[in-house]
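This report goes through a single protein chain by topic. The sequence and the structure come first.

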Amino acid sequence: MTKKKLIRLFLIFLVIQAILSIGLDYKLNIGINPEKGRFAIWNTPHPMTIQDRIIEEFMPDQYVRDKGITPKIYGSEKLYNFFAYFFNDNALNAFSLLRMIFILNCILIVIALLIRQNLSRIPSKRQVLFELIHSFFENLTSETLGKKYAYFTPYVLTIFIFIWSANFIGVVPIPGFMEPTRNINVPLGMGLMVVAVVHFMAIKKKGLFPYLKGFTEPFIPLAPINVVGEFSKAISISFRLFGNVLGGAIILIVISSLVRFIILPVGLSLFFGLFIGTIQAFVFTMLAISYIAVEIYE
């Protein structure tokens, strides 16, 4: 196929996309119009608006209550009923989130076991890939914290792999799959864990009394502000990740609706899941290392 034909096909595709985009929240119909009795192309109101899609995606319990429909649980009904007993009005959201975290952890454990079982002196391509990733984060940790603290590498690598996988798994086209990091509870839990490790290291390095004294510097009246400042680290690092993943998911839903879920959403999904997901996982990991470095060398 010549370059001109490729450009022509691309332009035709763009025109079709533009035509399909006209009439937001309307469904494009091509065929015999039942009212006119002849072949036609016409729009009819779509049964689900963009607002409905966003509510269904991010507030599934409210959507199910408002519409009076049966929830899509994608799992054991008995287990869902167990969650419903404890979480009441937020059962579907909690069940979906914990199911995805369980699936994600199982996948990561299986991959780790497979890599470990097949370790050899002459490494396979998969072993080389994982050794390269480990070496990269080992060098990053050593350069930031010093070689003395290179033992933080497994901790740092685990943070990156978990967040990266959580950002990426939403790309997998399996019904019910979503990014756990678009639920505020996951980034906030990770942020609190990071801050807890940071302060544990500060107490271990400085001792309990000098650590507590550090909150009163430079003046004692500033102690409450210093305490709030430390907790704000968890909020800052968590909401940065949550906002980016949630924003990407909402943009994906809106644009997918505009182009009638044709081709473009695939590229957008890969862009947000792979590219943005990798950047956000790396930023979160770097901030975690930086917080530790500040407390160690302060």
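Which residues make a nonpolar surface patch of about 670 Å²?

## Nonpolar patch

The nonpolar surface patch is made by L79, F82, Y85, F86, F87 and L98. Such patches consist of residues with over 30% relative accessible area and no salt bridge, with nonpolar side chains (Val, Leu, Ile, Met, Phe, Trp, Tyr) joined within 5 Å and like charges within 9 Å. Areas come from the Shrake-Rupley method with a 1.4 Å probe, and for residues only the protein chains shown count as cover.

Helix α4 (residues 77-87) gives the most to the patch, with 5 residues. L79 is placed in helix α4 and counts as partly exposed because its relative accessibility is 42%. Here buried means under 20% relative accessible area, exposed means over 50%, and partly exposed lies in between (1.4 Å probe, protein chains only).

## Model and confidence

The model is predicted: local features need pLDDT of at least 70 and side-chain atom pairs count only at pLDDT 80 or more, while totals for chains, interfaces and linings use all residues. Residues are numbered from 1 along each chain as its sequence is written, and side-chain values use heavy atoms, with hydrogens and water left out.

The chain averages a pLDDT (the predictor's confidence in each residue, from 0 to 100) of 84, and 89% of the residues score at least 70. Helices (H or I, at least four residues) and strands (E, at least two) are DSSP runs numbered from the N terminus.

Helix α7 has 16 residues and reaches 22 Å from first to last C-alpha, close to the 22 Å expected at 1.5 Å a residue; the expected span is 1.5 Å times one less than the number of residues. Its buried residues include Y155, F160 and N167.

T181 is in the loop between α7 and α8 (185-206) and counts as buried because its relative accessibility is 1%. The side chains of T181 and N167 are joined by a polar contact of 2.6 Å (N or O atoms within 3.5 Å; within protein, one able to donate a hydrogen and the other to accept it, and residues adjacent in sequence counting only if both atoms are side-chain atoms).

## Salt bridges

The whole structure holds 7 salt bridges (a side-chain nitrogen of Lys or Arg within 4 Å of a carboxyl oxygen of Asp or Glu). E57 pairs with R182 at 3.0 Å between the closest N and O atoms. E57 lies in helix α2 and R182 in the loop between α7 and α8, so this pair ties together parts 125 residues apart in sequence. R182 also forms a salt bridge with E179, at 3.3 Å; both E179 and R182 are buried.
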